[in-house]
Amino acid sequence: MFEFTRRRSRWVLGVFAVLALVLGALGATLFERVEGGGYTDAGSESSRALEVLRDEFGQAPPNLLLLVETEDSVDDPESTAAATALVANLQERDGVAEVLSYWTTHQPALRSVDGKQGMILASVLGTEREVDQRVAAIADELTGQQGTLQVRVGGFAMLLHETVEQSKSDIVKGEAIAFPLTLIALLFVFGGLVAASLPLLVAVATVLTTMGTLWLLTLFIPLSVTATNVATLLGLGLAIDYSLLVVNRFRDELADGRTPAGAVATTLRTAGRTVAFSALTVAVALAGLLFFPQLAIRSMGYAGIVVAALAATVSLTVLPATLLLLGTRIDKGQLGWWFLRAPRPAPGEGAWHKLATAVMRKPIPIGLAVTAVLLLLGTPFLGVKLGFPDERTLPESMNSRQVTEIVQRDFGESDQNTLVAVLPDSAYSAGGLDAIAREMSDLDHVRRVDTATGSYAQGGLLAEPTAANARFRAERAVYLSIVPATADSDELSALVERVRAVPTPSTLLVGGVAAANVDSLAAISDALPWALGFVLIVMLIVLFALTGSVVLPVLAMALSALSLTATFGALVWIFQDGHLSGLLGFTVTGDLAATVPVMLFAAAFGLAMDYQVFLLARIREEYDGTGKNETAVALGLERTGRIVTAAAILISLVFLGFLASDITFMKAFGIGLPLAVLVDATLVRGILLPAAMKLLGDANWYAPDFLRRLHDRWGLDEGGASRAPKHDVPVRDPLGVVTAGRPESAAEPLVLDPLARAEQARAEAARAEESGDGLASTAGRAETAD
């Protein structure tokens, strides 16, 4: 791979430039192909109820609401004529069924208390994309002044449409915040314009290719709008993360006296392998989301896999090609600010080395104290209350939110939470249907039940059947419409269960928004063990391939899970309980969107494992060189400390772009992901991991003999060296302790002086040139050319 990139650097960059432009052009229309919903289980009882309702009756629960306002009264002739014309307009449209209004039914529930407002309810049919397009057309044409009427469009379908539109705006806003902040931070990390611009180059290429790839994916599977948020902000974060590691290692190799070609070769062999493993861990964590039936969750999984793969691909192809062309010019444009050019501490003198050493002196009290703090911060999650997003997750300026709030305030009752109880393949007698309707009308929190035999309320028949009741009966099925007397989510969920418990001679399918929410929560609970099991098993295998140990993978996963406790506690404390709502600008709903903890766990756990891979790969490299557990931990933490800390800060700045979103559950990602990354990069990496590895000692590296042989044959590590050296060579480590254990391939004395190391590198290249040794020979030839 290196040889191809070295010989065809400009060709690689040209191909990727064309690919990025083509895929970026496709990705520009991605929002036209994604769907705004996706929070329901397509295979659930509630979804099957809606399918029967659509196929047998050509109907659906009302998902579109037109709020009509008049200056005087909805009953005056002029208002009645104009409103009746609106009803006719909707009835003539393709995909619109069952249009009900105050002016055609005279139901009191469709008239405001003061008589100045009326409602028109309609069912918009089709796929989610078709519904979105039809609702957008209706909103564009009918919103505003219609004769003497003022019309606003709301309802669940409008809520989904505005969610997609808001997501478009939020992504642009998030990128506008993330890019400048990231560039400034990169200048502090690298101290130069050229080096600082490289991660952003990789980020742009990653985001463009990811958006285009997702567009191609929509040709085969549906995707939710959540995929676009992942593609942009997670793509930006991972690309910067990986390129930061690669660029930093490349500059280190140049400082050690290697030629640009030799520096790139060593970087790919070391940091490149770490990047590949890190991308794999992120992809595995997000692949766990594919076990969930909800499209919004699965879409985030698809996007996460794509973005992790492309971020690694671009970082290991485009970036090395760019580095080969830049060579030593990577340090052009250095800024003269002294705090950007501060020299690195000598080995063994850095803050991270000192921290690890201090922790390992007293691992038990320090480790227990940090663990207790994380568990304490996570205690609010014990009181979590899961729900689903409603209009309150959108900003107050959105039509769907305004309409819902007006209906709740000005109308005595509303049919928006109507449940449907479908009896498929049934030819019910009037008496049998009457008995079922009476029993359902007697349930708590039921205001009215409508069906083919009339309308029912508690106490019996409310109204005799009319011609309108004929719509409740089809050739092979009947259904009942159950209008709740409450809008409370808990009471609605309890009502769904009570309706489902009503005995019927044949199958009963209950649908509606509340029923869909109940089914979705159940689907998440059912899929969660399978998703976790998959992630845990595959992650253990990946980490074993990296470390050759059966202990370290378990330790890494336990610590990564522990690092998430503070994040989940913060989610409940902030977004469910409402602390900081004024500062962050969202409406408190009293619950947490059920999809947020699931999606946040996958992303945050993957990123936590990402940093564990960075650290464990370097510790493994040091352990191979010294054979001493404590020395390897201290050196590994020291040599990854600066760059991983920088990466954590940078990716946190990117994720803060989620806070710019006006959608509440997207703000939760803007808080949760940076918090998870920073906790893992500081408390877990700096304290808990050194403490645990000190206590375990050499047991950290334990593996049964058959697994050790398997790893020796097939395993990978950052250094690319065999775990067991062929023979010991005395080496003086940075702590001044003479140890043994550097492999034969690394048997040269460890030279710390940069000039001496440069001279040593040139001598190695010259010897390789004479012997014609593959990669080193290439480095020698490149040096001669330079």
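Here are some friendly questions and answers about this predicted model.

Me: How many aromatic pairs does a search of the whole structure find?
Reply: A pair of aromatic rings is described by the distance of the centres and the angle of the planes. A search of the whole structure gives a total of eleven.

Me: F57 and Y479 form an aromatic pair, but is it stacked or edge-to-face?
Reply: The ring centres of F57 and Y479 lie 4.9 Å apart, and the planes make an angle of 80°. Planes over 60 degrees apart count as edge-to-face. With its 80°, the pair of F57 and Y479 is therefore edge-to-face.

Me: How many residues apart in sequence are the parts that F57 and Y479 tie together?
Reply: F57 belongs to helix α3 (residues 45–57), while Y479 belongs to strand β11 (residues 477–484). Both F57 and Y479 are buried. Because one sits in the helix and the other in the strand, the pair ties together parts whose separation in sequence is 422 residues.

Me: Which residues form one aromatic cluster with F57?
Reply: Y479, the edge-to-face partner of F57, is one of them. The cluster is made by F57 together with Y479 and F472.

Me: What is the angle between the planes of Y623 and W701, and where do these residues lie?
Reply: Y623 and W701 are stacked, with 4.3 Å from centre to centre and 10° between the planes. The pair links distant parts of the chain, 78 residues apart. Y623 is in helix α22 (residues 595–626), and W701 is in the loop between α24 (664–696) and α25 (705–714).

Me: Is W701 buried or exposed?
Reply: Buried means under 20% relative accessible area. The relative accessible area of W701 is 2%, so W701 is buried.

Me: Which ring does the charged end of R685 sit over?
Reply: The charged end of R685 is 4.5 Å from the centre of the ring in question. That ring belongs to W352.

Me: Which residues make the nonpolar surface patch of about 320 Å²?
Reply: L219 is one of them, placed in the loop between α8 (193–217) and α9 (226–255). L219 is partly exposed, at 46% relative accessible area. The patch is made by L219 with L216 and F220.

Me: What is the phi of H445?
Reply: Most residues other than glycine have a negative phi. H445, in the loop between α16 (430–441) and β8, has a positive value although this residue is not a glycine. Its phi is near 65°.

Me: Which residue's side chain makes a polar contact with the side chain of R448?
Reply: R448 lies in strand β8 (residues 446–451) and is buried, with 12% relative accessible area. At 3.0 Å, its side chain has a polar contact with the side chain of D450.

Me: How many residues apart are R620 and D624 in helix α22?
Reply: R620 and D624 form a salt bridge, with their closest N and O atoms 3.1 Å apart. Both residues are buried. Within helix α22 they are about one turn apart, a spacing of four residues.

Me: Which helices hold E630 and K694?
Reply: The closest N and O atoms of the salt bridge between E630 and K694 are 2.6 Å apart. This pair ties together parts that are 64 residues apart in sequence, because E630 lies in helix α23 (residues 629–655) and K694 in helix α24.

Notes: Residues numbered from 1 in each chain as written. Predicted model: local features only at pLDDT ≥ 70, side-chain atom pairs only at ≥ 80, totals over all residues. Heavy atoms only, no water. Patch = residues over 30% accessible without salt bridge, like charges linked within 9 Å, V, L, I, M, F, W, Y side chains within 5 Å. Areas by Shrake-Rupley, 256 points an atom, 1.4 Å probe, with all protein chains shown as cover. Salt bridge = Lys/Arg side-chain N within 4 Å of Asp/Glu carboxyl O. Helix = DSSP H or I, 4+ residues; strand = E, 2+ residues; numbered from the N terminus. Buried < 20%, exposed > 50% of the residue type's maximum accessible area, 1.4 Å probe, protein only. Phe/Tyr/Trp six-rings, centres within 6.5 Å; stacked < 30°, edge-to-face > 60°. Lys NZ or Arg CZ within 6 Å of the ring centre and 35° of its normal. Polar contact = N/O pair within 3.5 Å; in protein donor to acceptor, adjacent residues only side chain to side chain.
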